[in-house]
Amino acid sequence: MSAPWQALQQLAAEPFSLRQAFSDDAERAQRYQLAACGIELDYSKNLINEQRWQQLLALAKQSELCQLRSRMVAGEAINHTEQRSVGHMRLRLPEHALTTLDDQAVATEIRSCRQQMTALVNQLHAQSYLGYQGQPITDLIWVGIGGSLLGPQMACEALNPFNQSPVKIHFAGNIDGAVVHDLCQTLKPETSLVVVASKSFGTEETRQNALSLRQWFLDHGADQAAITRHFWATSSNIQAAADFGIMPEHILPMWDWVGGRYSIWSAIGLPLALQLGNEQFEQFLAGAHAMDQHFLQADLANNMPVVLALLGIWYINGMGCQSQALLPYNHYLRLLPSYVQQLDMESNGKQVDHAGQPLPCATAPVIWGDAGTNGQHAYHQLLHQSQLVIPADFILAAKPQHALTDHHLRLAAHCFAQTQALMQGKTIAEAKAECLAQGMSEQHAAMLAPHKASPGNKPSNTLLLPELSPFYLGALLALYEHKVFCQGAIWQLNSFDQWGVELGKQLSGPIYQALNGKPAPFDSSTSGLLASLQRHLTSSKTG
């Protein structure tokens, strides 16, 4: 382990009090705050001082972060296990900047994809896209899984107040048949458009859902011409999509230099473009591009993604924290924790470095959370009073997307109070004095005080957005993308492959075959579970 890492662990072993740090330094809040693209970050409620912070910066400077960032921008294959470049930032370049790309063939492809999306959105908004019975399309069913689903679903939920579309958007991801079953019970095929999002066009969940939806059309009198009209795809496997029955002109491109969890900026963002309209979707891209520029140009000490990345490394590798809470105080952002969960854990949940050697330290944390204030009546008890240290990101939009002003002020008050309470806590002496002030006896107050006390010294960041608009959501998502990149660079791992998800997929095939009467040898647990499932299925058929 290198000297900067050793120094970091030595500093982490030293005692530190947030309450005392704020008491000793009247300018602490001003010192540890940062703004970028209109987003304000207060990171003063973290277990850091100047010595610790400078050591974290030294760690970043001696790492390959800056070199890897330059290589990514240059289009090098930094995803070396798959021999792919990483180019999702290209997708949010404004039109004039596309002309500056070194690879003008890629620029042309991006421009063409945007034009296809724009044309389809315009048709659907004008209700001029007619189904096989001559009726306008009223519903779009987006079929995907993982990043092909989480991104557009989260973004559509987040920006619901900006909805301009006459077409309702539905998402089908899970292979659980209940998803497609419920959609088919409520929608009409003659007024539904299906978009199948799969880079390979072979992902099991996506293909199975698409096949079931195609059968739904056939069961309602649709012929192959109708299927051709009602099905679109976004894929890189043109032949497989064509074999399914989708016209080439209905296939939007996907590129191998864009991973699924980074694909909301591509044709995977079609549901969001449909919901927002083309102009507002461009604002979404513009917000991400603005954060890209900040990330590429700001020095490390004042670079918001770098700051968040270093704080995360401090808790994971310095203090041994294993999870991080993501707490958006915004109802529309309630799916954000799930989105960042995939972004972070699939990117950096690795055990080897670039050379395939075991990493000497832990990497990605477990990301979890929910919208505030719901969590305050659930898991915040653990955040405040357990012995665990769980760093948390609190996210609040200053302006609400509704007219219930008092609701919003109360929401903001709770958000800021939670970070204050986590920081300062309540001592046993303070808890006892509070009990005595309420008229309790000395004995009762002494008994109750330890139960009411909170240790405090629990770290948090607060991210304040001017409002939850397309621009600021784009900037926020790009912020977390770049944070994850920075941490992967410092840990010296490949943030852009995901080989760990393959094993379960490989093993599911033989198990599925066994469930269909082709037995194979399994471990005793799997064999027992298969027998139990088949027994239940048999009894349900005969009962």
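Is His377 buried or exposed? Select it and see: His377 is exposed, with a relative accessible area of 72% (exposed means over 50%, buried under 20%, partly exposed in between, with a 1.4 Å probe and protein chains only).

Before moving on, some ground rules. This is a predicted model, where local features need pLDDT of at least 70, side-chain atom pairs count only at pLDDT 80 or more, and totals for chains, interfaces and linings use all residues. Residues are numbered from 1 along each chain as its sequence is written, and side-chain values use heavy atoms, leaving out hydrogens and water.

Zoom in on Glu346, in helix α16 (residues 336-348), helices being DSSP runs of H or I, at least four residues. The Glu346 side chain makes a polar contact with that of Arg261 at 2.9 Å (a pair of N or O atoms within 3.5 Å, one able to donate a hydrogen and the other to accept it; residues adjacent in sequence count only if both atoms are side-chain atoms).

Last stop, the largest pocket: about 950 Å³ of space (an open set of 1 Å grid points where a 1.4 Å probe fits, with protein on both sides within 12 Å along at least five of seven lines; lining residues have an atom within 4 Å of a point; the volume is the space filled by probe spheres set on the points). Of its 35 lining residues, Thr203, Gln498, Val501, Glu502 and Lys505 are closest to the centre.

Methods. Helix = DSSP H or I, 4+ residues; strand = E, 2+ residues; numbered from the N terminus.
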